[in-house]
Amino acid sequence: MAISAWASAAATAFFAAACLLAAARDVASYTIPNRIVGTLLAAYLPFSLAAGVDVATAGMSVAGAACVFVAGAAVFAKGILGGGDVKFASVAALWVGPSMLPWFLLLASVSGAVFALAVVALRSFPLPAGTPVWLRKRVAETDERGIPYGVALAFGALAVLPHAHWATG
């Protein structure tokens, strides 16, 4: 069944907006709200039906997302990723589909490493005189809280999105 152009565009725009929102919230609060992840999860079925995604592709997308969730839960248990990151990675895996899943994971991992190195490097420099108190507090807080990995996950998902089953049919 061919993918409807309007449904494909709507699904792509919806997912892209949710990724940007998740990344922004992770930067701002070191959390990815369940309502973003839950909305993406709930919207997958209606969008996939409207877009004409075949049952086999949708099923493989669900299986891929489940694998990402299981692997992510193990990483979460080690204290490496937060729970919101694991849930967001899983739902992003659902949306990018089985053909783009390896690329999504690769790009999210590489961009996450680059982002983490950049943040660590920036933290090693003293803030200039006159830096607002709120920013000094935020930088001190990031030393304790880690890296907002939702940024890398959103980057990976958005980078592969043009090649996902929504866009390619």
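Ala-23 touches Gly-150, Val-151 and Ala-154, leaving aside residues up to four places away in sequence; contact here means heavy atoms within 4.5 Å. This is a predicted model, in which local features need pLDDT of at least 70 and side-chain atom pairs count only at pLDDT 80 or more, while totals for chains, interfaces and linings use all residues. Residues are numbered from 1 along each chain as its sequence is written, and side-chain values use heavy atoms, with hydrogens and water left out.

**Ala-23 and helix α1**

- Ala-23 belongs to helix α1 (residues 5-29); helices are DSSP runs of H or I with at least four residues, numbered from the N terminus.
- Ala-23 counts as buried, at 11% relative accessibility, where buried means under 20% relative accessible area, exposed over 50% and partly exposed in between (1.4 Å probe, protein chains only).
- Between Ala-23 and Val-110 there are 16 Å in space, C-alpha to C-alpha, and the two are 87 residues apart in sequence.

**Helix α5**

- Helix α5 (residues 101-123) comprises 23 residues and reaches 32 Å from its first C-alpha to its last, close to the 33 Å expected at 1.5 Å a residue; the expected span is 1.5 Å times one less than the number of residues.
- Its buried residues are Leu-101, Phe-104, Ala-108, Ser-111, Gly-112 and Val-119.
- These buried residues of α5 pack against α3 (55-77), α4 (83-96) and α7 (150-160).

**Ser-109**

- Ser-109 also lies in helix α5 and is partly exposed, with a relative accessible area of 42%.
- Ser-109 and Ile-80 are 13 Å apart in space, C-alpha to C-alpha, and 29 residues apart in sequence.

Note on methods:
Helices (H or I, at least four residues) and strands (E, at least two) are DSSP runs, numbered from the N terminus.
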